[in-house]
Amino acid sequence: MATESLQRAYRAPCPGCGAPVEFRSAQSTHAVCAYCQSTVVRSGETLARIGKMAELFDDHSPLQLMASGSWNGKPFTLVGRLQYKYGEGTWTEWHAVLVDGTSAYLSEDNGSYVFSTPLAMQRDLPDAGHFRVGATTAINGKSFSVASNQQVALISAQGELPHLPALGQSFAMVELRSQGNGSIGRDESVLSIDYGTQPPSVSIGKPVLLDDLKLSGLRDDSAKDEKGRQFSCPNCGAQVAVRLASSKSITCGSCNSIIDLSQGIGAELAHALQDEPVAPLIPLGSQGLLQGVQWQVVGFQHRMGFDPTDPDEHFGWEEYLLYNAKRGFTFLVDSTEGWSVVKPTTGAPVTSDNGQSATYLGSRYQLKESYNAETTYVAGEFYWQVSRGQKTSNRDFASGKNLLSMEQSPNEVTWSAGSNIESDAVARAFKLEDKKELLKRSDAGPGSAASGIGFGTVIVLFLIILLFLFLISRCSSCDPKTENCSSSSARSSGGSFGGFSSGGGHK
């Protein structure tokens, strides 16, 4: 909680309506009048009106202006807010003023938060087009991986701001992530380059939990606010209730349509129909204690993987989006190889020159699989703008039970890290002991299943082996002049360890 006072504030009447406009930081040059929404620019002791700001869309964030907290022992207050849009949705950045009057930002990051401060550059930055997604570059002598290069636009703002891009005008935002070779929190960082200013403004931040910031003055959601998060499905008219403040997409429980919430509920809701629904083994809304944290299942997606060299080679897996109010989001992944818990990383692992291994936080991971992935069905709520048919290029790495996954789209790279867990732990966590057999995967192992194999099973296995040998002998003696000797195969194992991409960045 902030206990010290900020430096002396400057206050002057709004040129549009005469209401007081306050500047708490000497670095702030712009403000939005809380009464008439005029955009005001400060020049010395004079305020000038340069336009009117668009209305904020209600993202139902727990944060609000004048909420205060502490970061690295320094008290701060949230005094401004920027809302941006990009190709896959929207995100919000909060302008924080530290006790000494300097600026910082509290930004969304893959369903979590990053606290950033301005970074002075040692040399001029190149144009945004120089930063190729997936490439490695050096900024101020430190190695970073280019995670995102997007065209973004300001859609609204509130409060006091150190700079203000032109409303609705597109500009480049590049995000880089550190090469994480040390301990979590020390080397993991996000560097953002904002080409909405000239020269571009640069900030660098580290992951934070809202609980660790000791925030006070948070938004108190009333019953009226909660009711406002219900709306009629644009396809079938059934009532849809949004439970999470950060949701960008949701599915209708009646017709399974995917509904885009990125522009707010008050906007015209875009939607897409889904056929052939997939029923999750763990029902949406289930709560469970997993790895010492109480989670709730809020989203579910089924995905397919394809061998890039052979479209007939394919496999499927499922991902459950888990939510905890203080920990944010994580993923429970169900593949034929077993269950795993993974979460998007803040740092960027370092891959070897031949791409066969990756190093992350001091551990070396070996490449297991490379494939293309596609989302085929979704249900529930998501903090990114999810859609059926989303495609990524994936690479899975492993080091014992520890897992690492990279997902890449044209504009973004997202890494996820996690570890395998036993299916019994999943059953206990979500009180699904009656589904233990359905939840079992390859983690059961030959030893745990041997005691249950009966004589009849052995006979069946023996017959299958004989049939297999017969087919091999037929293939070896097949005459292509008189028979069809071609064959095709379908892959049934595999699965991504990664949680998901298509969001990433500060989105």
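Colleague: How do you know that contacts in the protein chain join residues at least 24 apart?

Modeller: Contact here means heavy atoms within 4.5 Å. Among contacts in the protein chain between residues at least 6 apart in sequence, 58% join residues at least 24 apart. Please keep in mind that this is a predicted model, where local features need pLDDT of at least 70 and side-chain atom pairs count only at pLDDT 80 or more, while totals for chains, interfaces and linings use all residues. Residues are numbered from 1 along each chain as its sequence is written, and side-chain values use heavy atoms, with hydrogens and water left out.

Colleague: Happy with that. What makes Tyr 84 and Trp 91 a stacked pair?

Modeller: Rings of Phe, Tyr and Trp (its six-membered ring) pair if their centres lie within 6.5 Å; planes under 30 degrees apart count as stacked, over 60 as edge-to-face and the rest as tilted. The structure holds 13 aromatic pairs. In the pair of Tyr 84 and Trp 91, the centres are 4.9 Å apart and the planes make an angle of 25°, so the pair is stacked. Ring pairs also link Tyr 84, Tyr 86, Trp 91 and Phe 171 into a cluster.

Colleague: Why is β22 called largely enclosed?

Modeller: Strands (E, at least two residues) and helices (H or I, at least four) are DSSP runs, numbered from the N terminus. Buried means under 20% relative accessible area, exposed over 50%, and partly exposed in between (1.4 Å probe, protein chains only). Eleven of the 15 residues of β22 are buried, so the strand is largely enclosed by the rest of the structure.

Colleague: And which strands does β22 pair with, β23 among them?

Modeller: Two strands pair if DSSP finds at least two bridges between them. β22 and β23 have eleven bridges and run antiparallel, with Val 297 standing opposite Leu 322 in β23. Eight bridges join β22 to β28, also in the antiparallel sense, and there Met 304 stands opposite Glu 374. Strand β21 (residues 287–290) is joined to β22 by four bridges, again antiparallel.

Colleague: What makes the largest nonpolar core a core?

Modeller: A nonpolar core is a set of buried Ala, Val, Leu, Ile, Met, Phe, Trp, Tyr and Cys residues joined through side-chain atoms within 4.5 Å. The largest one has 20 residues, and those with the most contacts inside it are Ile 282, Leu 290, Leu 332 and Phe 430. β22 gives the most to this core, with four residues. A second, separate core has 17 residues, including Tyr 371 and Phe 382.

Colleague: How do you know that Lys 368 forms a salt bridge with Glu 337?

Modeller: A salt bridge is a side-chain nitrogen of Lys or Arg within 4 Å of a carboxyl oxygen of Asp or Glu. For Lys 368 and Glu 337 the closest N and O atoms are 3.3 Å apart, so the pair qualifies. Lys 368 lies in strand β28 and Glu 337 in the loop between β24 (328–335) and β25, so the pair ties together parts that are 31 residues apart in sequence.

Colleague: Why does Lys 368 count as partly exposed?

Modeller: Lys 368 has 44% relative accessibility, so it counts as partly exposed. Glu 337, at 29%, also counts as partly exposed.
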